[in-house]
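I'm opening my notebook to look up a few things in this model. Here is what I'm working from.

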Amino acid sequence: MMQNDLFRALAPEMEELAPGIVLFQLYVDEQKFMDVVKYAAAEIPFRHMVTPGGKKINVAGTSIGKCGWYSDRRGYRYEPKDPLSGKAWPEIPDEISTIISDAAAKAGFQGFVADSCFINRYSPGVRLTAHIDQDEKDFSQPIVSVSLGVSAIFQLFGESRGGKALNIPLHSGDLLIFGGPARRAYHGVKKLENAFHPLTGDIRYNLTFRKAL
Ligand code: SIN
Ligand code: FE2
């Protein structure tokens with residue numbers, strides 16, 4: 001298709017895998033984003049939160065930004081401070097924010113500025129069950145995610161949590177955007193394989209940038 005060719009010529013580094021799903025392979029400077037993970041964890045360490053039903057979440061998390069995603073017996077929500085330590089989440093560094101906004105703009109989401117970044121830590125054997133990101137205020141804003149370390153399979157379902165998934169392998173340095181018609185699709189991550197990556201050892205990190213407020 002001509003329009004498609006034009007699209008490719010303008011932004012050769014990205015690929016639209018499905019409506020609203022845009023992948024930028026090996027796009028970010030991994031070390032720069034790894035430094036962000038270390039900076040975040042030094043302030044507020046990774047923690048296994050619990051679901052409102054009291055189940056331990058196997059993926060460990062921490063946040064940076066004006067607010068952080070949080071879950072405990074009181075529900076899923078964004079918190080201006082870490083409820084446990086009472087500390088404000090560290091800021092999203094300007095340089096990082098610019099990289100994320102630029103990628104979003106290339107994918108057609110002009111004006112996206114993340115106010116929150118949730119950092120997931122996957123150990124071998126850990127998976128993320130299918131869910132929808134729906135604790136944010138404005139679903140016209142996309143989600144921008146950056147993967148680091150061990151590769152994983154991101155699964156995109158549709159409007160229901162089961163059925164056939166689009167399997168998207170995510171490698172260290174990849175940036176994935178889901179927005180528009182895919183913004184409220186069910187998605188998850190397959191069980192992390194036991195593998196080694198020089199940046200992280202046997203760990204996978206994922207930084208999920210969102211406009212929550
Ligand atoms: C998420 O859906 O919150 C994280 C996705 C990922 O780890 O790639
Ligand atoms: Fe998610």
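Which backbone nitrogen does the side chain of Asp-115 reach, and at what distance? I looked it up: the backbone nitrogen of Ala-212, at 2.7 Å. A polar contact here is a pair of N or O atoms within 3.5 Å; within protein, one must be able to donate a hydrogen and the other to accept it, and residues adjacent in sequence count only if both atoms are side-chain atoms.

**Ground rules.** This is a predicted model, in which local features need pLDDT of at least 70 and side-chain atom pairs count only at pLDDT 80 or more, while totals for chains, interfaces and linings use all residues. Residues are numbered from 1 along each chain as its sequence is written, chains are lettered from A and ligands numbered from 1 in the order in which they are written, and side-chain values use heavy atoms, with hydrogens and water left out.

**Entry 1: around Asp-115.** I found Asp-115 in the loop between helix 3 (94-106) and strand 6 (116-122). Helices (H or I, at least four residues) and strands (E, at least two) are DSSP runs, numbered from the N terminus. Asp-115 is buried, with a relative accessible area of 7%. For the cut-offs, buried means under 20% relative accessible area, exposed over 50%, and partly exposed in between (1.4 Å probe, protein chains only).

**Entry 2: strand 13.** Next I checked strand 13 (residues 204-210): 7 of its 7 residues are buried, so the rest of the structure largely encloses it. Arg-204, Asn-206, Thr-208 and Arg-210 point one way, Tyr-205, Leu-207 and Phe-209 the other.

Then I looked up its partners; two strands pair if DSSP finds at least two bridges between them. Strand 6 pairs with strand 13 in the antiparallel sense over 7 bridges, and Ser-116 has Arg-210 as its bridge partner. Strand 8 (residues 143-149) is also antiparallel to strand 13, over 6 bridges, with Gly-149 opposite Arg-204.

Entry 3: I traced 4 strands that form an open sheet in the order 7-12-9-10, with antiparallel pairing. Its edge strands are strand 7 (128-131) and strand 10 (166-170), each pairing on one side only. Strand 7 and strand 12 (residues 187-189) share 2 bridges, and Leu-128 stands opposite Val-189.

**Entry 4: the iron ion.** What holds the iron ion (ligand 2)? His-131 (NE2), Asp-133 (OD) and His-187 (NE2) coordinate it, at 2.1 to 2.2 Å. His-131 lies in strand 7 and His-187 in strand 12, so the pair ties together parts that are 56 residues apart in sequence. Donors are N, O and S atoms within 2.8 Å of the metal (3.2 Å for Na, K and Ca); water is not among the atoms, so sites may look incomplete. Is each histidine buried or partly exposed? His-131 is partly exposed, at 23% relative accessible area, while His-187 is buried at 4%.

**Entry 5: ligand 1.** I listed what surrounds ligand 1 (a heavy atom within 4 Å), including Tyr-122, His-131, His-187, Arg-204, Asn-206 and Arg-210. A polar side-chain atom of Tyr-122 lies 2.6 Å from an oxygen atom of ligand 1. For an N or O atom in the side chain of Asn-206, the distance to an oxygen atom of the ligand is 3.2 Å, and for one in His-131 it is 3.3 Å.
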